[in-house]
Amino acid sequence: MHLTEQTLTVIGIPLLTVPALVIGWSGLYCGLQAANNLKPDSKWPSLNVKTRTRLVLIPRSELTETGLWYRRRAYILSLALYTWVIMVASLWYFAIRLMS
């Protein structure tokens, strides 16, 4: 590896992965908080622990207002994470093409 490639690798990998980890963990936290903010008369807590962590399965009518807020944030953060991954992959692809 050339010195430029080594420098880009040593500096670039942490700069690209740390934001992805922060976005991912924040999205996971918001998703779990949304699943924990169900209405008191909801049937979902009695079903299964696995279904409580999947926000896609829980209808909007079963969540409290706080749960809806966390659910919205979880969806926004998942969209941000997907966008970040696509951006990093495209940058990596073009960097490889320019180096060769």
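**Figure 1. Residue classes in the lining of the largest pocket.** The lining of the largest pocket comprises 10 nonpolar residues, two polar residues and one charged residue. The structure shown here and in the following views is a predicted model. In total, 13 residues line this pocket, and its volume is about 420 Å³.

**Figure 2. Close-up of the centre of the largest pocket and the helices around it.** Of the 13 lining residues, those nearest the centre of the pocket are Leu8, Thr9, Leu16, Trp92 and Ala95. Helix H1 (3-36) and helix H3 are the elements that give two or more residues to this lining. The largest share, seven residues, is contributed by H1.

**Figure 3. The aromatic pair of Tyr29 and Tyr70.** Three aromatic pairs are present in the structure. In the pair formed by Tyr29 and Tyr70, the ring centres lie 6.3 Å apart and the ring planes meet at 90°. Planes over 60 degrees apart count as edge-to-face, and the pair of Tyr29 and Tyr70 is therefore assigned to that class. Distant parts of the chain are linked by this pair, as Tyr29 belongs to helix H1 and Tyr70 to helix H3, 41 residues apart. Tyr29 is partly exposed, at a relative accessible area of 47%, whereas Tyr70 is buried, at 17%.

**Figure 4. The aromatic cluster of Tyr29, Trp69 and Tyr70.** One aromatic cluster is formed by these three residues, Tyr29, Trp69 and Tyr70. Trp69 has a relative accessibility of 41% and counts as partly exposed. Tyr70, by contrast, has a relative accessible area of 17%; buried means under 20%, so Tyr70 is classed as buried.

Figure 5. Glu62 is located in the loop that runs between helix H2 (49-52) and helix H3 (65-99). The relative accessible area of Glu62 is 17%, which falls under the 20% limit, and the residue is therefore buried. Apart from neighbours within four places in sequence, the residues in contact with Glu62 are Leu38, Lys39, Ser42, Lys43 and Trp44.

How values were computed:
Residues numbered from 1 in each chain as written. Predicted model: local features only at pLDDT ≥ 70, side-chain atom pairs only at ≥ 80, totals over all residues. Heavy atoms only, no water. Helix = DSSP H or I, 4+ residues; strand = E, 2+ residues; numbered from the N terminus. Buried < 20%, exposed > 50% of the residue type's maximum accessible area, 1.4 Å probe, protein only. Contact = heavy atoms within 4.5 Å. 1 Å grid on protein atoms, 1.4 Å probe; cavity = no way out; pocket = protein on both sides within 12 Å on 5 of 7 lines; lining within 4 Å. Points joined across faces, edges and corners; volume = space filled by probe spheres on them. Nonpolar A, V, L, I, M, F, W, Y, C, P; charged D, E, K, R; others polar. Phe/Tyr/Trp six-rings, centres within 6.5 Å; stacked < 30°, edge-to-face > 60°.
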